[in-house]
Amino acid sequence: MQKRQLIIDILEYENANELKPEEKKLFDKAKEISANAYAPYSDFKVGAAVLLENGEIITGSNQENAAYPSGLCAERVALFWANSQYPDVAVKAIAVIAQKNNKFIEKPVAPCGACRQVILETETRFQKNIKIILASSGKISVFDNAHSLLPINFDKDALNF
Ligand code: THU
């Protein structure tokens, strides 16, 4: 038996003003688009902004449904849209933030497992790290890549056995 430990780098910022200008812009776009969420069931309105390698920023918000599983998270709305429009353009970064009762939440939003899986797929597909900016009204956590958020994962290699 061997005990192994995982070490994950998280850059923790006190607030959005500490972000680099490019990151701050993505943060602002995520904030802005969260207002467009359709979240009548959870009132948890999420905004995601995706920066592409060509400089374009694609945004998305969560879209809920009376049949709950039929809805989609903001991250996947934005990423699927980006990858549909620009199938050959890598994704450089994604910023996510959520509001509840019209107030941005106070701790960095944590993407669900399915969204982590999709961000990882995009990272693998383009062989390019995706910076992940998990934002709030206060602290912001930044990860260098999707692998950091889903270190033990199911990927295409598993299908080759
Ligand atoms: N949600 C997102 O859009 N992204 C996240 O990172 C967490 C959860 C959505 C799904 C659902 O519409 C609502 O937030 C509550 O779970």
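On a 1 Å grid over the protein atoms alone, a pocket is an open set of points where a 1.4 Å probe fits, with protein on both sides within 12 Å along at least five of seven lines, and a molecule sits in a pocket if more than half of its atoms lie within 2 Å of its grid points. In this structure, the space taken by the ligand is the largest pocket. This is a predicted model, in which local features need pLDDT of at least 70 and side-chain atom pairs count only at pLDDT 80 or more, while totals for chains, interfaces and linings use all residues. Residues are numbered from 1 along each chain as its sequence is written, and side-chain values use heavy atoms, with hydrogens and water left out.

**Ligand shell**

**Polar contacts and burial**

- Polar contacts here are pairs of N or O atoms within 3.5 Å; a side-chain N or O atom of Glu64 lies 2.5 Å from an oxygen atom of the ligand.
- A polar side-chain atom of Asn62 is 2.9 Å from a ligand oxygen atom, and a backbone N or O atom of Ala74 is also placed 2.9 Å from an oxygen atom of the ligand.
- The protein buries 76% of the 370 Å² that the ligand exposes when taken alone, with accessible areas from the Shrake-Rupley method and a 1.4 Å probe.

**Strand pairing**

- Strands E4 (residues 91–100) and E6 (residues 131–134) run parallel and are joined by 4 bridges, two strands being paired if DSSP finds at least two bridges between them.
- Ile132 in E6 stands opposite Ile94, and its bridge partner in E7 is Phe143.

Technical notes: A polar contact is a pair of N or O atoms within 3.5 Å; within protein, one must be able to donate a hydrogen and the other to accept it, and residues adjacent in sequence count only if both atoms are side-chain atoms. On a 1 Å grid over the protein atoms alone, a cavity is a set of points where a 1.4 Å probe fits but cannot get out, and a pocket is an open set with protein on both sides within 12 Å along at least five of seven lines; lining residues have an atom within 4 Å of a point. Helices (H or I, at least four residues) and strands (E, at least two) are DSSP runs, numbered from the N terminus.
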